[in-house]
Number of protein chains: 2
Amino acid sequence: MHTSSPASERGDVSRKALIEAALIEFASHSYHAASNRDIADRAGVNQALIAYHFGGKEGLYLAVFETISERIQSRLQPALQAIADNLAQSESSEAAQERRIELLQGLFESLVRLFADPGLKTSAQLVLQEQQQPTRAFDILYRRFMCEALQRVTDLVQLLRPEKSRDEVSLLVITLVGQALVFRAARTTVLRHLQWDDIKPAQLQAILQQVRANVLALLSPQD
Amino acid sequence: MHTSSPASERGDVSRKALIEAALIEFASHSYHAASNRDIADRAGVNQALIAYHFGGKEGLYLAVFETISERIQSRLQPALQAIADNLAQSESSEAAQERRIELLQGLFESLVRLFADPGLKTSAQLVLQEQQQPTRAFDILYRRFMCEALQRVTDLVQLLRPEKSRDEVSLLVITLVGQALVFRAARTTVLRHLQWDDIKPAQLQAILQQVRANVLALLSPQD
DNA sequence: TTGACTTAATCAAGTGATTAACTAACCTTC
DNA sequence: GAAGGTTAGTTAATCACTTGATTAAGTCAA
């Protein structure tokens with residue numbers, strides 16, 4: 001497997017191919033059940049390269065989570081940036097509050113699209129696995145995007161619900177996330193109950209509409 | 001490992017010990033990563049008994065899910081029975097509608113307690129795993145309790161939202177389930193964001209209050 | 001003695017890691 | 001600008017170890 005490119009690039013190609021292959025293998029089997037040989041075969045390289053480039057199986061596993069973090073971060077970036085901008089100017093008119101609800105609806109739309117996207121199935125599986133049995137990989141996920149995202153959303157909801165304690169607001173945010181998460185974490189049940197064979201564009205629209213309505217109902221002023 | 005009990009009982013003891021040990025091992029590692037030897041050691045029996053009693057590793061895996069299904073079913077039984085009773089008499093007074101919301105709050109309280117219970121951590125992990133990569137074990141779960149539970153809840157919500165289509169109601173139910181599910185599926189994130197080290201009784205009460213409020217907000221007449 | 005139950009021993013296959021040998025681009029040095 | 005050493009990258013072969021399954025022998029209440 002030798003290409004006619006500069007030596008420094010060849011290594012990068014192998015690294016990326018290994019991470020991509022490992023993402024698939026670690027997701028479809030678990031960490032222990034995925035084998036270095038299968039990963040290397042899928043990447044089209046020799047399995048000794050895993051030790052060479054990543055120090056071993058665990059190093060490759062962690063590298064996969066760096067990649068996952070970047071991808072999810074970039075998917076949520078626009079919606080999170082809009083929220084950060086709004087937080088900078090703490091206006092409290094009624095129109096401003098409505099605008100904040102719209103921003104949250106936008107974020108949860110991004111979240112639903114993230115969870116529904118078949119392309120992120122493998123990544124989502126790995127994240128869920130880490131939620132159940134966190135390893136050092138979970139720290140990567142939390143530091144890279146979870147912590148900041150949750151903080152910002154909680155800050156914004158706090159502005160909508162100034163009478164609530166911080167913990168109450170945090171709990172509300174968690175349940176809001178749950179409404180989107182369920183479409184990934186319990187996907188098979190969802191598909192069976194709704195008698196869908198997959199989440200196609202039409203189904204995605206129905207979900208988005210429901211989540212949008214829920215966010216409004218749970219955050220609109222009157223209660 | 002020979003007790004002085006009738007032969008017919010000895011087999012049962014081994015079977016149950018193996019299922020219990022397998023529940024733990026399959027959850028803490030995955031199906032492929034859990035080894036028959038570790039399971040047998042934990043159960044205190046010889047690993048050849050797995051083949052003898054269950055035909056092999058896969059048979060044991062399926063037997064574990066029969067046990068899980070029974071346990072979850074029995075936990076949800078009271079709340080589901082109350083809903084079934086209410087469905088039998090389709091009254092539509094305002095008081096009856098309020099009563100239905102209370103029944104749903106009761107069910108989701110059971111669901112939250114289920115997901116929060118540390119004793120069902122291993123079972124929940126296995127169910128989540130099957131959601132991501134369903135095998136024949138998922139069919140057991142769905143047939144044994146998921147299908148019926150979702151049907152009943154959806155039926156009840158349909159009575160509260162007669163103007164909505166069946167699919168819309170089903171989606172609403174799914175998002176309601178998500179509010180409870182998140183405390184299991186994203187538990188590590190939840191604990192970190194709220195800076196809890198575990199879900200103790202005080203925290204459980206806070207969660208129950210939030211979920212109860214959400215159910216009310218999403219199902220109360222005005223919208 | 002029968003028969004359900006249980007065990008230790010063994011099997012081929014697959015595991016992660018390591019090693020020495022090989023390749024090819026790069027960098028001096030003359 | 002060729003020669004030759006340097007280096008990162010890559011490979012096949014091999015290591016000790018674990019895997020699920022099988023088998024023949026053993027246990028013990030009925």
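Figure 1. V157(A) is buried, as 21 other C-beta atoms lie within 10 Å. A residue is buried if 20 or more other C-beta atoms lie within 10 Å of its own, exposed if 12 or fewer, and partly exposed in between, with C-beta atoms placed from the backbone. From V157(A) to E70(A), 87 residues apart in sequence, the C-alpha to C-alpha separation is 25 Å. Residues are numbered from 1 along each chain as its sequence is written, and chains are lettered from A and ligands numbered from 1 in the order in which they are written. Because the model is predicted, local features need pLDDT of at least 70 and side-chain atom pairs count only at pLDDT 80 or more, whereas totals for chains, interfaces and linings use all residues.

**Figure 2. Fold of chain A.** Chain A has ten helices and zero strands, giving the pattern α-α-α-α-α-α-α-α-α-α along the sequence. The C-alpha trace of chain A spans about 65 × 45 × 35 Å along its principal axes. Buried residues make up 41% of the 223 residues of chain A. Of the contacts in chain A between residues at least 6 apart in sequence, 71% join residues at least 24 apart.

**Figure 3. L18(B) and the largest nonpolar core.** A nonpolar core is a set of buried Ala, Val, Leu, Ile, Met, Phe, Trp, Tyr and Cys residues joined through C-beta atoms within 7 Å. The largest such core has 140 residues, of which L18(A), V64(A) and L18(B) touch the most other members. Beyond its neighbours within four places in sequence, L18(B) is in contact with I39(B), A43(B), V45(B), L49(B), I50(B), H53(B) and L60(B).

**Figure 4. L114(B) in helix 5 of chain B.** Helix 5 of chain B comprises residues 94–116 and includes L114(B). L114(B) is buried, with 20 other C-beta atoms within 10 Å. Not counting residues up to four places away in sequence, L114(B) touches I72(B), R75(B) and L120(B). F183(B) lies 69 residues from L114(B) along the chain, and the C-alpha atoms of the two are separated by 10.0 Å.

**Figure 5. The contact between chain A and chain B.** Chain B can be laid on chain A with an RMSD of 0.0 Å by a turn of 180° and a shift of 0.0 Å along the axis. The two copies are thus related as by a two-fold rotation axis. Superposition is by least squares on the C-alpha atoms of residues with pLDDT of at least 70 in both copies. The same surface serves both copies, as 100% of the contact residues of chain B recur in chain A. On the side of chain B that touches chain A, at least two residues each come from helix 6 (121–132), helix 7 (136–160), helix 8 (166–185), helix 9 (187–193) and helix 10 (201–219) of chain B. Helix 8 of chain B gives the most to this side, with twelve residues. This side of chain B has 22 nonpolar, 15 polar and four charged residues; Ala, Val, Leu, Ile, Met, Phe, Trp, Tyr, Cys and Pro count as nonpolar, Asp, Glu, Lys and Arg as charged, and the others, Gly among them, as polar.

**Figure 6. Packing of helix 8 of chain A with helix 8 of chain B.** The two helices pack at an angle of about 95°, with their axes 6 Å apart. Axes are lines fitted to C-alpha atoms, for helices over the stretch in contact, and angles run from 0 to 180 degrees between N-to-C directions. Helix 8 of chain A and helix 8 of chain B are therefore roughly perpendicular to each other, a term for angles of 65 to 115 degrees. The residues of this contact divide into ten nonpolar, six polar and no charged. Among those of helix 8 of chain A are I174(A), G178(A) and L181(A), and those of helix 8 of chain B include I174(B), G178(B) and L181(B).

**Figure 7. Positive phi at Q195(A) and Q195(B).** Most residues other than glycine have a negative phi. Phi of Q195(A) is near 55°, and Q195(B) has a positive phi of about 55°. Q195(A) is placed in the loop between helix 9 (187–193) and helix 10 (201–219) of chain A, and Q195(B) in the loop between helix 9 and helix 10 of chain B. Q195(A) is exposed, with 9 other C-beta atoms within 10 Å; Q195(B) also counts as exposed, with 9 C-beta neighbours inside 10 Å.

Terms used:
Two residues are in contact if their C-beta atoms, placed from the backbone, lie within 7 Å. Helices (H or I, at least four residues) and strands (E, at least two) are DSSP runs, numbered from the N terminus. Angles under 35 degrees count as roughly parallel, over 145 as roughly antiparallel, 65 to 115 as roughly perpendicular and the rest as oblique.
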